[in-house]
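Biologist: I would like to learn how to read domains, a ligand site and helix packing. Can we work through an example together?

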Amino acid sequence: MKTIHVNLSADSYNIYIGKDILAKVGEIVAKDKEPCKMLLITDENIEKIYGDVVAESFRQNNFDVKLLSLPPGEEQKNIENALLLYDNCFAHKLDRKSLIVALGGGVVGDLSGFIAATFMRGIPYIQIPTSLLAQVDSSIGGKVAVNHPKGKNMIGCFYQPKAVFIDTNTLSSLPSKEMVAGIAEVIKYGVIRDAELFAFMEKSMDAILQLQDEALLKIIATSCQIKANVVEQDEKEKDLRAILNYGHTIGHAIETVTHYKQYRHGEAVAIGMLYATKIAIELGIADTSVFDRQLSIMKNLGLSIQTGLKSEDIIKALYTDKKTVSGRLRFVLPTKIGEVIISDKVNDEMLYRVLDKPLLAF
Ligand SMILES: O=C(O)C(=O)C[C@@H](O)[C@H](O)[C@H](O)COP(=O)(O)O
């Protein structure tokens, strides 16, 4: 098992990555935590496959587990489900020493973390991400939230988990479209910080899609390490952390305009990365190879890269982005593979120019 430490003073924690971890989680947690009441939150699909093994692993270590599952899907990450989960915290008599465990993808992780952050002003929680996207991104760094009809993740806070357990075996039950959506976030890490990771993706995609152990460990551990480094330097997104939002400015707008129903998060981010690169090319800070290399991986993955959405609707939604300051949009733009800048030089006229053209027509 590989361990990556996220160093955040009193809020530090470990990310454990390996195979066959799920059945051992209870035992590992019990080394540092007295048995207590615990709410295990998952979704209906994940419950069927991994609910029992995880619940049992905690029960065998004397945790008093209540398991609760929600329907799957991004549209479930809402305030109504947060209220339902609070009701369950009361019903199971959780107190400040109790534990919330999130078992599932990004929706379960973000929502459960939000409940943990706010119930009784904060109780401990653990992330057990089962999708690639949650393993490389959303389970780490403590961004917890629910969506609002006006914008993605608009109601939330920063609240770090006590530990993250990544069992790469769970990827074998992940639908291929979810796997591909998760790979989009790994492409993101390559573009923002690691040209070598990006080159590895270009040459090893077959091994990744075949879930070969070495390739999976490489992309997951490298992504987690990059994220840990960035979060350690800027936990609350005062500046540097915004680079993790590459592709998300337009990605989130696409998700908002389509009411979180049409695109997986990673699919929207992939489109957002290509548009951000087009903007960088318009501004003269990147050359076309930066676009072509990303496009080539995305085509290889079968990612759909056209939206058919109105530029006007996307641009309107962009203004609720959390990086916007005093009404000025801030975009994360690549200068080359492995390096990005944050720019406030992108205006509506340029956005129309870029968004009005289908991505493949460039
Ligand atoms: O951890 C971060 O910081 C990120 O921006 C990572 C993103 O990939 C992730 O989707 C995040 O939840 C988006 O954050 P938001 O603040 O733009 O809602």
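Biologist: Which domains does the domain assignment of the chain give?

Modeller: Keep in mind that this is a predicted model. The assignment lists domain 1, residues 2-170, and domain 2, residues 176-361. Their C-alpha centres lie 26 Å apart. The contact draws 26 residues from domain 1 and 28 residues from domain 2.

Biologist: Now the ligand. Where does the shell around the ligand lie relative to domain 1 and domain 2?

Modeller: Ask who contributes. Both domain 1 and domain 2 give residues to the shell, so it lies between them.

Biologist: Which of the 13 residues around the ligand come nearest?

Modeller: Gly 141, Lys 143, Asn 153, Leu 244 and Asn 245. At the level of elements, helix H5 (132-138) and strand E8 (151-158) each supply at least two shell residues.

Biologist: On to helices. What describes two packed helices?

Modeller: The angle between their axes and the distance between those axes. Start with H3 (residues 79-91) and H4 (residues 106-118). Their axes come within 10 Å and cross at roughly 55°. H3 and H4 are therefore oblique to each other. The crossing of H3 past H4 is right-handed.

Biologist: Which residues of H3 and H4 make the contact?

Modeller: H3 uses Asn 81, Ala 82, Leu 85, Tyr 86 and Cys 89. H4 answers with Leu 111, Phe 114 and Ile 115. Seven of these contact residues are nonpolar, one is polar and none is charged.

Biologist: Take H6 and H11. At roughly what angle do their axes cross?

Modeller: Roughly 165°, for H6 (residues 176-193) and H11 (residues 288-301), with the axes coming within 11 Å. An angle over 145 degrees counts as roughly antiparallel, so H6 is roughly antiparallel to H11. This crossing is right-handed.

Biologist: Which residues in H6 meet which in H11?

Modeller: On the H6 side, look for Val 180, Ile 183, Ile 187 and Val 191. On the H11 side, find Gln 294, Ile 297 and Leu 301. The contact has six nonpolar residues, one polar and no charged.

Biologist: One last pair. How are H9 and H10 placed, by distance and angle of their axes?

Modeller: The axes of H9 (residues 248-257) and H10 (residues 265-282) come within 7 Å. They cross at roughly 135°. That makes H9 oblique to H10. The handedness of the H9 and H10 crossing is right-handed.

Biologist: Which residues of H9 and H10 make the contact?

Modeller: From H9 come His 248, Thr 249, Ile 250, Gly 251, Ile 254 and Glu 255. From H10 come His 265, Ala 268, Val 269, Ile 271, Gly 272, Tyr 275 and Ala 276.

Biologist: And how do the residues of the contact of H9 with H10 divide by class?

Modeller: Into seven nonpolar, five polar and one charged.

How values were computed: Residues are numbered from 1 along each chain as its sequence is written. This is a predicted model: local features need pLDDT of at least 70, side-chain atom pairs count only at pLDDT 80 or more; totals for chains, interfaces and linings use all residues. Axes are lines fitted to C-alpha atoms, for helices over the stretch in contact, and angles run from 0 to 180 degrees between N-to-C directions. Helices (H or I, at least four residues) and strands (E, at least two) are DSSP runs, numbered from the N terminus. Angles under 35 degrees count as roughly parallel, over 145 as roughly antiparallel, 65 to 115 as roughly perpendicular and the rest as oblique. A crossing is left-handed if the near helix is turned anticlockwise from the far one by less than a right angle, and right-handed if clockwise. Two residues are in contact if their C-beta atoms, placed from the backbone, lie within 7 Å. Ala, Val, Leu, Ile, Met, Phe, Trp, Tyr, Cys and Pro count as nonpolar, Asp, Glu, Lys and Arg as charged, and the others, Gly among them, as polar. A residue is near a molecule or strand if its C-beta atom, placed from the backbone, lies within 6 Å of it. Domain bounds come from an automatic or database domain assignment.
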